Amino acid sequence: MNPESMPEGSALVEVSDLEVHFPVRGGLFLRQTGTVKAVDGVSLAIGPGETVGLVGESGCGKSTMAKALVRLLKPNGGRVHFEGADITRAGTGRLRPLRRDMQMVFQDPAESLNPRQSVRQIIEEPLAVHRVGNAGERRRRVNDLLDRVGLPRESGERYAFEFSGGQRQRIGIARAIALNPKFVVCDEPVSALDVSVQSQILNLLMDLQREMGISYLFIAHDLAVVQHVSDRVAVMYLGKIVEVADSETIYRRPKHAYTKALLSAIPEPDPSAERERILLEGDVPSPINPPKGSAFGHRINHPRYEETIGVDLGLVEIEPGHWVARDPCCLEPGDYARVG
Amino acid sequence: MNAVNETEARNNGTLLEVEGLVSAFDTEDGLQRAVDEVSFTVGRGKTLGIVGESGCGKSVTAMSLIRLLPQPAGRILAGRVRFNGEDLLRAPDSRLHAVRGGEIGVIFQEPMTALNPVHRIGRQVSEVLRLHTKMRKKEAWEASVEALRRVRIPSPEERVGDYPHQLSGGMRQRVVIAMALACGPELLIADEPTTALDVTVQAQILDLIQRLQAELGMAVILITHDLGVIAESCDEVVVMYAGRVVERAPLRELFANPLHAYTRGLLESIPRLSLPPKSKLRTIPGMVASLGELVPGCRFCQRLGRRGEVLHHRPPFREAVSGHWVEACPECFQG
């Protein structure tokens with residue numbers, strides 16, 4: 001996608017033609033035998049205070065893309081900009097001050113919280129690392145943060161494993177917002193939680209955004225969750241974004257066949273809902289040996305697949321703010337005629 | 001087995017009848033009840049959904065039915081589980097061996113742990129067949145190919161020689177289903193069969209289970225935390241909270257007319273595609289108390305921080321509307 005969906009220069013985070021490759025090793029001496037293009041030419045911009053949702057099946061490159069966005073990974077190609085500055089090749093020294101502004105919340109807080117630290121130490125750590133305030137000020141800041149995420153102050157003296165999944169996620173969030181970041185990547189933050197607790201955490205994230213103006217990249221496999229918290233949604237398939245639009249549009253007028261299939265697969269908690277289900281055959285193809293043409297066209301065995309080999313299937317704007325891959329296998333003939 | 005009971009059960013269309021089931025675990029703090037007087041029935045060829053949040057006793061209930069509680073900590077303390085009129089809780093072990101994998105098939109959440117990584121798929125399916133029938137090795141291998149074909153695994157003649165790691169998550173779950181159905185069971189217990197899978201693969205597996213159910217005329221107990229999955233696949237629903245059945249009703253009745261505050265809370269806290277984006281979601285405050293801290297009375301009131309008599313006396317399980325049962329104190333009853 002072109003960053004055009006964001007007015008020039010107004011994006012907080014922006015990637016263009018991002019590529020992240022991983023070596024595949026095999027054989028006796030673990031020589032490199034191939035390359036996985038986990039992220040294969042992705043462009044996306046996130047504005048201040050905006051939530052962009054990222055959906056797709058497991059293995060489609062969502063998490064890899066997120067890590068490249070906050071420069072936990074070095075991209076193999078393309079550009080990463082943060083507040084207008086090119087940070088594609090920035091080293092540790094240049095990245096350190098930026099780390100204050102870019103944080104992550106992970107799926108399983110149990111694995112991302114140090115079991116040997118008290119909750120207070122966990123939340124205080126980013127403040128200490130970035131030398132914010134003196135000990136007394138940091139103590140007060142941790143108290144404020146505990147209040148803010150809805151944990152009693154006494155819980156600061158306990159250890160993370162003493163808490164339930166939902167409370168641990170609150171600890172993870174308190175740590176992520178400790179430095180007043182501008183951008184937070186939420187990687188499946190509620191997937192491990194029960195629905196009643198899931199809604200508590202989603203409300204907390206939405207409240208924090210309103211108060212602090214944080215931008216989120218929100219990754220989840222639950223499309224209903226993503227649609228609910230996001231301003232815009234990007235759909236990813238095999239390392240590429242195939243459709244981007246605001247979340248109402250994605251839900252009401254999806255254009256790409258894969259988006260339609262994903263939406264139709266969500267089980268609706270309403271027994272009287274009459275829906276037509278598009279059952280996809282098979283699984284996501286391997287990124288080690290991807291199809292040469294339209295990856296989704298290949299999966300659904302589309303008769304026009306051959307046409308897509310060696311052709312640019314990049315995103316085009318089908319209506320204002322609604323971008324979709326120019327792919328004859330995945331668009332209705334009428335839609336394809338409009339963009340083709 | 002009592003022949004009269006059996007004939008009666010066959011005639012009235014009830015396949016499984018669970019009555020007053022109590023299962024407990026030995027813990028450092030003594031014996032703790034994870035399932036506390038649970039009752040429900042499953043009709044022949046019907047699908048019963050058991051829904052609830054983690055730790056509410058869904059899986060322990062299911063495992064108790066076939067006496068597969070983790071040993072030595074797990075124990076069934078009371079109740080009856082009548083399968084075709086025969087009480088499985090009092091049947092000899094040898095009989096249970098025949099029932100499990102024979103008349104009752106079981107599939108679990110994580111297909112990788114249900115499959116042995118060092119044996120070929122064909123050998124694992126054959127093993128089930130040879131255990132329950134008089135088939136010879138070669139016959140069983142051929143029957144395995146057919147079993148894989150039945151669960152729509154493409155080119156089953158080739159896949160039968162694969163090891164589990166060579167298959168994707170969805171394909172592995174198909175193999176597990178093939179094993180569970182190899183002997184044509186009358187009841188399939190599916191414990192979170194799609195939780196570890198992507199939505200697209202989940203849709204395939206649920207569709208497959210429904211089609212096989214129709215082909216084989218078997219009943220299904222589907223355990224899930226996902227009310228969406230329940231809405232799409234069940235005839236009747238049991239809602240569990242803190243080891244107890246708080247509500248039981250036919251599918252449409254439950255969704256249209258939830259009578260327990262917990263059921264209502266669950267239904268309202270799901271983000272739905274039809275809600276306005278970024279609107280505030282309804283929540284259920286607090287969380288389930290741990291096993292050792294549960295009160296004898298209304299446990300949902302306990303979660304909501306209510307106090308008093310209501311925490312001491314267990315509300316009765318009663319039929320509020322025809323076929324619609326609820327165990328709710330006056331505070332939690334939403335009728």
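Which loop of chain B holds B:His312? The model is predicted: local features need pLDDT of at least 70, side-chain atom pairs count only at pLDDT 80 or more, and totals for chains, interfaces and linings use all residues; side-chain values use heavy atoms, leaving out hydrogens and water. Residues are numbered from 1 along each chain as its sequence is written, while chains are lettered from A and ligands numbered from 1 in the order in which they are written.

**Figure 1. Chain A as a whole.** Chain A contains twelve helices and twelve strands. Helices (H or I, at least four residues) and strands (E, at least two) are DSSP runs, numbered from the N terminus. Along the principal axes, the C-alpha atoms of chain A fill a box of roughly 65 × 55 × 50 Å. Of the 340 residues in chain A, 55% are buried. Buried means under 20% relative accessible area, exposed over 50%, and partly exposed in between (1.4 Å probe, protein chains only). In chain A, 63% of the contacts with a separation of 6 or more come from residues 24 or more positions apart. A contact means heavy atoms within 4.5 Å.

**Figure 2. Chain B as a whole.** Chain B has 13 helices and twelve strands. Its radius of gyration is 21 Å, close to the 20 Å that the globule rule gives for 335 residues, so chain B is as compact as a globular protein of that length. The C-alpha atoms of chain B fill a box of roughly 65 × 55 × 45 Å, taken along the principal axes. Buried residues account for 52% of the 335 residues in chain B. Of the contacts in chain B with a separation of 6 or more, 65% are between residues 24 or more positions apart.

**Figure 3. An open sheet in chain B.** Four strands of chain B form this sheet in the order S2-S1-S4-S5, with antiparallel pairing. The edge strands are S2 and S5 (86-87) of chain B, and each pairs on one side only. Two strands pair if DSSP finds at least two bridges between them. Strands of a sheet pair through backbone hydrogen bonds, either parallel or antiparallel. Eleven bridges join S1 (residues 14-27) of chain B to S2 (residues 30-43) of chain B. A hairpin of two residues connects S1(B) to S2(B). B:Glu17 has B:Thr41 in S2(B) as its bridge partner. B:Thr14 stands opposite B:Gly43 in S2(B).

**Figure 4. B:His312 and its surroundings.** B:His312 sits in the loop between helix H13 (299-303) and strand S11 (317-321) of chain B. B:His312 touches B:Pro296 and B:Gly297, leaving aside residues up to four places away in sequence. B:Arg299 is 13 residues from B:His312 in sequence, and their C-alpha atoms are 9.7 Å apart in space.

**Figure 5. A cis peptide bond at B:Pro72.** The peptide bond from B:Gln71 to B:Pro72 is cis, with omega near 0 degrees. B:Pro72 belongs to the loop between helix H2 (58-65) and strand S4 (74-83) of chain B. Most residues other than glycine have a negative phi, and most peptide bonds are trans.

**Figure 6. Positive phi at A:Leu30.** A:Leu30 is not a glycine, yet has a positive phi of about 50 degrees. The residue lies in the loop between strand S1 (13-26) and strand S2 (31-46) of chain A. Is A:Leu30 buried or exposed? A:Leu30 counts as exposed because its relative accessibility is 53%.

**Figure 7. Positive phi at B:Asn84.** B:Asn84, a residue other than glycine, has a positive phi near 55 degrees. B:Asn84 is in the loop between S4 and S5 of chain B. At 5% relative accessibility, B:Asn84 counts as buried.

Note on methods. Rg over C-alpha atoms; globule rule 2.2 N^0.38 Å.
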